[in-house]
Number of protein chains: 2
Amino acid sequence: MTTGVRRRMGVEERRQQLIGVALDLFSHRSPDEVSIDEIASAAGISRPLVYHYFPGKLSLYEAALKRAAEDLAARFAEPAEGPLGTRLLRVMGRFFDFVDEHGPGFSALMRGGPAVSADGVPSKDHVSATNALIESVRQAAYEHILVHLEITDPPARLELVIRSWISLAESTALIWLDGRRIPRAELELQLVHDFAALAAVSAAYDEEMAAVLRRMVKDEPPDGTFGDLVARLLSLAS
Amino acid sequence: MTTGVRRRMGVEERRQQLIGVALDLFSHRSPDEVSIDEIASAAGISRPLVYHYFPGKLSLYEAALKRAAEDLAARFAEPAEGPLGTRLLRVMGRFFDFVDEHGPGFSALMRGGPAVSADGVPSKDHVSATNALIESVRQAAYEHILVHLEITDPPARLELVIRSWISLAESTALIWLDGRRIPRAELELQLVHDFAALAAVSAAYDEEMAAVLRRMVKDEPPDGTFGDLVARLLSLAS
């Protein structure tokens with residue numbers, strides 16, 4: 001029932017609102033360019049009241065980062081059905097959605113931004129907390145991929161391929177954000193192909209990786225993501 | 001002529017000695033585990049004298065980082081002769097030499113270590129200076145590769161391939177350092193192959209990149225680095 005009187009928010013509700021407002025502002029400008037005054041104004045409350053909910057910009061930044069990290073990790077969830085290439089392509093679509101929505105914040109964070117973006121001086125704890133959050137998202141991505149490959153005890157070479165590909169995906173997204181000179185749909189597909197290519201390079205010299213690769217592509221349709229790439233590469237080679 | 005009396009060093013000479021001592025200690029343990037006392041002791045001088053040359057551990061750390069960055073960038077230099085794959089393989093050998101020599105320091109730095117590694121609280125300026133140094137080394141790597149490809153005005157897709165491969169090389173080295181479970185010689189060759197594979201994936205969907213790829217491999221001997229990979233991949237595919 002609406003009364004026309006602004007309802008007072010509870011503490012947790014207000015905190016969640018401020019986090020949402022901050023993330024919204026960080027999606028247009030780098031966090032170090034966004035002041036507490038702006039966040040207060042966008043939330044329709046006073047600056048001192050913001051400090052009532054968050055002791056400083058840094059703690060608000062950390063809370064926003066935590067929500068963004070959970071949001072990103074949630075987008076990795078994908079049913080274990082159908083060809084692997086198609087599954088990974090859908091995840092890449094949601095990853096680029098996230099990068100698109102959080103552009104300046106994502107760039108600042110991944111380029112070492114959070115430590116320099118806060119009012120005042122960042123603490124050791126803040127830098128550690130930020131790095132731990134980034135690592136937790138990478139770890140979630142790594143574990144999701146293992147689940148889809150149906151592998152619980154990955155050999156060292158497979159772990160290397162997956163983890164280094166995750167860093168390739170991050171840098172590809174960062175480079176895309178810097179000018180958006182290549183259509184994102186092309187990069188989403190390219191990253192799926194890159195994963196297969198890196199696995200194939202490793203498999204070319206290692207029998208255990210060759211077995212993993214064979215399993216990866218066994219359910220791929222001939223005209224699917226990987227089949228199309230192989231056909232094009234063969235035509236390129238000739 | 002040696003007199004048996006310890007010669008007094010000049011200011012710059014002493015600074016260079018302390019940087020060398022610090023880098024040597026950082027090659028065995030993470031910088032945040034190395035105290036000024038240890039550096040003083042290893043250099044054979046008193047702790048207050050270290051502070052005479054460097055106002056704090058942070059400034060000594062920055063000077064050490066600068067020398068290491070220059071050292072690494074210098075290892076990218078490679079004569080523009082012979083097959084590209086062979087040139088890149090030699091550079092990868094020197095890159096892994098560097099990573100091997102500077103293990104814990106390299107790990108701490110690339111995992112966001114420097115900001116958390118100093119006595120006291122890192123400043124905004126320190127974090128910025130560190131990031132700028134890392135970026136300058138990446139930029140040097142990027143420009144060296146363009147020179148070898150004989151391309152002065154790279155298309156966006158080529159820039160993406162090169163820059164994202166550089167990040168792949170960094171993460172591969174970091175993963176290698178974490179347990180050294182894969183022989184480094186294998187990873188040096190793998191990174192050369194990864195470069196070709198990422199370029200080939202891009203070339204499969206873009207005519208301009210296909211032209212770059214053809215130029216890349218035109219001087220490759222059939223039994224060279226790339227030829228061997230292609231033969232193995234073809235046998236894997238069949």
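## Interface between the chains

In this predicted model, 40 residues of chain B are in contact with 40 residues of chain A, two residues being in contact if their C-beta atoms, placed from the backbone, lie within 7 Å. On the side of chain B that touches chain A, two or more residues come from each of helix 7 (114-117), helix 8 (124-149), helix 9 (156-177), helix 10 (184-203) and helix 12 (225-237) of chain B. Helix 9 of chain B gives the most, with ten residues. By class, this side of chain B has 22 nonpolar, eleven polar and seven charged residues. Here Ala, Val, Leu, Ile, Met, Phe, Trp, Tyr, Cys and Pro count as nonpolar, Asp, Glu, Lys and Arg as charged, and the others, Gly among them, as polar.

## Relation of the two copies

Chain B is superposed on chain A by a rotation of 180° with 0.0 Å of shift along its axis, at an RMSD of 0.0 Å. The two copies are thus related as by a two-fold rotation axis. The superposition is by least squares on the C-alpha atoms of residues with pLDDT of at least 70 in both copies. Of the interface residues of chain B, 100% are also interface residues in chain A, so the copies meet through the same surface.

## Architecture of chain A

Chain A has twelve helices and zero strands; helices (H or I, at least four residues) and strands (E, at least two) are DSSP runs, numbered from the N terminus. The C-alpha atoms of chain A fill a box of roughly 70 × 45 × 35 Å, taken along the principal axes.

Of the 238 residues in chain A, 36% are buried, a residue being buried if 20 or more other C-beta atoms, placed from the backbone, lie within 10 Å of its own. Among the contacts in chain A with a separation of 6 or more, 69% are between residues 24 or more positions apart.

## Helices 1 and 2 of chain B

The axes of helix 1 (residues 11-26) and helix 2 (residues 36-43) of chain B come within 9 Å and cross at roughly 115°. These axes are lines fitted to C-alpha atoms over the stretch in contact, and angles run from 0 to 180 degrees between N-to-C directions.

Helix 1 of chain B contributes B:Gln17, B:Leu18, B:Val21, B:Ala22 and B:Leu25 to the contact, and helix 2 of chain B contributes B:Glu38, B:Ile39, B:Ala42 and B:Ala43. The residues of this contact divide into seven nonpolar, one polar and one charged.

## Conventions

Residues are numbered from 1 along each chain as its sequence is written, and chains are lettered from A in the order in which they are written. Local features need pLDDT of at least 70 and side-chain atom pairs count only at pLDDT 80 or more, whereas totals for chains, interfaces and linings use all residues.

Technical notes:
Buried ≥ 20, exposed ≤ 12 C-beta atoms within 10 Å, placed from the backbone.
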